[in-house]
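Please take some time with the model shown here, and follow the account below with the sequence and the structure side by side.

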Amino acid sequence: MVCFGSKVSLVRLFGAPSWYHNVIQFRLKSVSVTTAPAQWPVTTITKRWHKARNFGGGGQSIRSTQYTTGRAVQALYRDAVSKVRVDNEYNEEFWVGVGVHQGSVLSPLLFIIILQAITEEFKSGCHWELLYADDLALIAESLSELEEKFQVWKQRLELKGLRVNLAKTKVLISRKADKPQIPSGRWPCSICRKDVGKNSIRCTQCKLWTHKRCNNIKGRLTGKIVFVCGKCSGAINTRNVQRTASVTFQGEKLEVVDSFRYLGDQVSSGSGSESVAARIRIAWEKFRELLPLLVTKGLSLRVKGRLYDACVRTAMLHGSETWAVTAEDMHKLARNEASILYWMCNVSVHTQQYHQPHPPDTVSPPGKLKRYLVDNCVRFAESYERFLEKRYPKVFEVYRMFKVGIRDFIADTRMYYNVTTELWTGKSLNCFSRKELEIYKQYPKDVWKVSPTLIISALPFANYVVFPIAYMYPKWFLSPHFWSDKHKEMIWGDILAKRMSHCSPVIYYLGSQCRHMDEDNPLKEKLQLAISKLKQTHQLTVDEILTLKPLFEDYPCHINKISIAYLRQLAMCNGLSMRRSKLVDDTLLLHYIDLAIGREGIENLSSQDLSKACYDRFLNPVGVPHKEQLRHLCQWLEISKEVDGLFIYSSVD
């Protein structure tokens with residue numbers, strides 16, 4: 001990753017007189033911080049405000065606020081006159097036509113408004129272009145791409161009266177090979193340049209110490225070994241990497257730097273350790289400023305802790321949301337915080353502390369510093385997601401769909417593995433919860449559907465094609481984990497309508513089974529009456545269905561006794577497998593799911609789980625009141641406790 005930093009001067013903006021203007025300099029990711037007071041011409045506001053106030057698409061309220069601000073500024077400086085006092089006497093009034101007051105807060109405000117309006121037409125936005133007030137960072141994945149982007153910005157800014165100072169432009173190249181190896185400690189390692197301890201050995205050629213982990217010696221280190229480090233022997237080439245010293249742009253060489261300070265944070269190539277070290281130094285400075293209060297015995301530890309949290313710790317972890325923190329950085333932060341806390345409590349660092357050990361089968365809780373750092377990162381991610389949702393709603397919708405879907409899919413994968421493992425150990429289905437049984441039933445189908453999409457998207461650049469196609473056709477390429485509420489309502493409704501289309505063939509085959517029954521069978525007449533009601537689209541009561549229970553326990557309506565054509569229609573009506581043995585297993589699993597719902601209580605189901613249960617049990621919940629859904633599910637469960645069949649479930653209201 002590479003980025004540009006440059007100086008730009010604003011000269012004769014919108015035709016203002018050059019003899020009156022101070023040059024307004026602003027920084028584009030510059031190494032040094034320079035500020036100059038800006039004197040804006042009033043004619044700038046008058047001529048360009050109508051163009052600037054409509055930028056950004058920020059909504060009518062934002063545009064109205066910007067327009068009102070501009071009108072107020074114009075009214076403040078309209079018909080402005082001034083006098084000059086000499087020896088307590090004033091000369092005649094003269095009209096002031098350009099400029100704002102020296103040091104006025106309107107200078108940066110107007111500058112930001114105009115600059116935002118100018119760059120709105122060609123900027124790409126976060127995170128490739130970071131614009132904060134007059135600080136801009138241009139970021140790209142390659143040097144050629146960065147040069148093209150910088151060329152576009154330079155041309156567009158020059159058209160608006162801006163001049164880019166290439167002499168102050170800086171370039172930073174960030175890659176793993178450019179990670180700086182800064183010597184630390186009194187005896188730095190010859191390979192990794194970190195401080196060595198007792199477990200080290202000295203090279204006989206360069207006379208430098210080397211960690212045991214950095215050499216190839218196995219076993220115990222002794223003085224009898226004639227050791228030559230890998231750097232001297234040529235086995236390890238640590239610093240002979242060809243680094244880019246400068247970049248040529250339009251005939252001028254741009255300096256390539258290793259680090260720079262941007263918005264108070266130290267950014268370096270290949271590593272974020274310098275940011276951590278810089279914030280630690282600032283924390284110690286803040287601590288020494290508050291030293292009389294933090295080490296005094298007149299304040300309680302509670303008050304000291306609050307003062308430390310508010311002033312020292314916040315200074316140490318400022319901007320930590322953007323750090324790529326390693327375990328070594330966390331150890332460095334924790335070590336410095338412990339030193340500060342020991343000083344505050346008047347305890348020596350070498351004093352042995354006795355703590356009650358935690359149980360061996362548990363994990364010690366994370367330290368407060370680590371929790372604070374993680375919470376900062378989480379809050380930063382949430383705020384960035386809210387920005388994306390507001391600025392790019394369609395793109396964020398796709399991002400959120402795949403983010404939540406992959407998270408839920410992984411969670412269901414773990415649960416399916418646990419259920420399968422417990423079933424292999426002989427655990428009964430009656431011991432699992434409703435959610436576990438539903439995942440055990442549905443997960444194999446979801447894997448077959450979503451696995452091709454996830455596998456193909458892992459190929460280089462394939463996700464740019466696969467994800468939009470999957471977003472447009474979620475029914476065919478994605479599992480319910482990735483569906484939105486609107487998708488679920490539409491797709492489940494279509495599936496239910498397709499299942500209901502097989503009810504008429506099931507009723508026909510059920511009537512044919514009735515004709516094979518004996519005439520003296522007392523249930524034959526009741527079955528014929530039930531079939532006639534179903535053909536007239538009348539619904540059966542629970543008592544009428546339970547009276548037919550013996551027919552579905554044996555011949556002629558049991559699953560093992562019906563014909564293949566009847567079995568096929570019955571399976572398609574319920575969305576199950578058409579193999580007889582698999583259909584029997586799915587029927588048993590559905591029966592245990594119903595029992596689990598009865599154990600856990602219908603009233604404990606969430607609205608989404610209740611809607612899904614109604615879809616699976618032949619009721620479209622769209623537009624159906626909540627009480628009606630509960631009544632339908634209660635009747636279903638009442639029958640499911642007694643009957644181990646499939647078709648009659650579809651006739652329950």
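Once its neighbours within four places in sequence are set aside, Ser457 is in contact with Ala462, Asn463, Val466 and Phe467. This is a predicted model, and in it Ser457 belongs to helix 12, where its relative accessibility of 12% places it among the buried residues, because buried means under 20%. The side chain of Ser457 also reaches the backbone oxygen of Leu454, at a distance of 2.8 Å.

The surroundings of Ser457 lead on to a pair of helices. Helix 12, which covers residues 434-457, and helix 13, which covers residues 463-472, have axes that come within 8 Å and cross at roughly 155 degrees. The two helices are therefore roughly antiparallel to each other, since angles over 145 degrees are counted in that way. Helix 12 passes helix 13 in a left-handed crossing. On the side of helix 12 the contact is made by Thr453, Ile456 and Ser457, while helix 13 brings Asn463, Val466, Phe467 and Ala470 to it. Sorted by class, the residues of this contact of helix 12 with helix 13 comprise four nonpolar and three polar ones, with no charged residue.

Between these two helices runs a loop, and Phe461 is found in it. With a relative accessible area of 65%, Phe461 is exposed, because the limit for that class is over 50%. The backbone of Phe461 deserves attention as well, for its phi is near 65 degrees, a positive value in a residue other than glycine. As a general rule, most residues other than glycine have a negative phi.

A positive phi is also seen elsewhere, at Phe618, whose phi is near 65 degrees although the residue is not glycine. Is Phe618 buried or exposed? Phe618 is buried, with a relative accessible area of 8%, and it lies in the loop between helix 22 and helix 23, the latter made up of residues 626-640.

Helix 22, which spans residues 607-616, also holds Gln608. The relative accessibility of Gln608 is 41%, so this residue counts as partly exposed. Which residues does Gln608 touch, not counting those up to four places away in sequence? Gln608 touches Asp485 and Lys488.

Ser479 is placed in the loop between helix 14 (474-477) and helix 15 (485-500), and at 0% relative accessibility Ser479 counts as buried. Apart from its neighbours within four places in sequence, Ser479 is in contact with Phe409, Asp446, Lys449 and Val450. Met517, in turn, lies in the loop that runs between helix 16 (503-515) and helix 17 (522-535), and its relative accessible area of 7% makes Met517 buried. The contacts of Met517, again leaving aside neighbours within four places in sequence, are with Leu523, Lys524, Leu527, Leu551 and Pro556. Met517 and Tyr555 are 38 residues apart in sequence, and from C-alpha to C-alpha they are 8.9 Å apart in space.

Another pair of helices can now be set beside the one described above. Helix 6 (residues 273-289) and helix 9 (residues 327-344) pack at an angle of about 10 degrees, with their axes 10 Å apart. That angle makes helix 6 roughly parallel to helix 9, because angles under 35 degrees count as such. Helix 6 takes part in the contact through Ser273, Val276, Ile280, Trp284 and Phe287, and helix 9 through Asp329, Lys332, Leu333, Asn336, Ser339, Ile340, Trp343 and Met344. By class, this contact of helix 6 with helix 9 has eight nonpolar residues, three polar ones and two charged ones.

It remains to step back to the whole chain. The secondary structure of the protein comes to 23 helices and 15 strands, and buried residues make up 36% of its 653 residues. Among the contacts between residues at least 6 apart in sequence, 58% join residues that are at least 24 apart.

How values were computed: Residues are numbered from 1 along each chain as its sequence is written. This is a predicted model: local features need pLDDT of at least 70, side-chain atom pairs count only at pLDDT 80 or more; totals for chains, interfaces and linings use all residues. Side-chain values use heavy atoms; hydrogens and water are left out. Axes are lines fitted to C-alpha atoms, for helices over the stretch in contact, and angles run from 0 to 180 degrees between N-to-C directions. Helices (H or I, at least four residues) and strands (E, at least two) are DSSP runs, numbered from the N terminus. Angles under 35 degrees count as roughly parallel, over 145 as roughly antiparallel, 65 to 115 as roughly perpendicular and the rest as oblique. A crossing is left-handed if the near helix is turned anticlockwise from the far one by less than a right angle, and right-handed if clockwise. Contact means heavy atoms within 4.5 Å. Ala, Val, Leu, Ile, Met, Phe, Trp, Tyr, Cys and Pro count as nonpolar, Asp, Glu, Lys and Arg as charged, and the others, Gly among them, as polar. Buried means under 20% relative accessible area, exposed over 50%, partly exposed in between (1.4 Å probe, protein chains only). A polar contact is a pair of N or O atoms within 3.5 Å; within protein, one must be able to donate a hydrogen and the other to accept it, and residues adjacent in sequence count only if both atoms are side-chain atoms.
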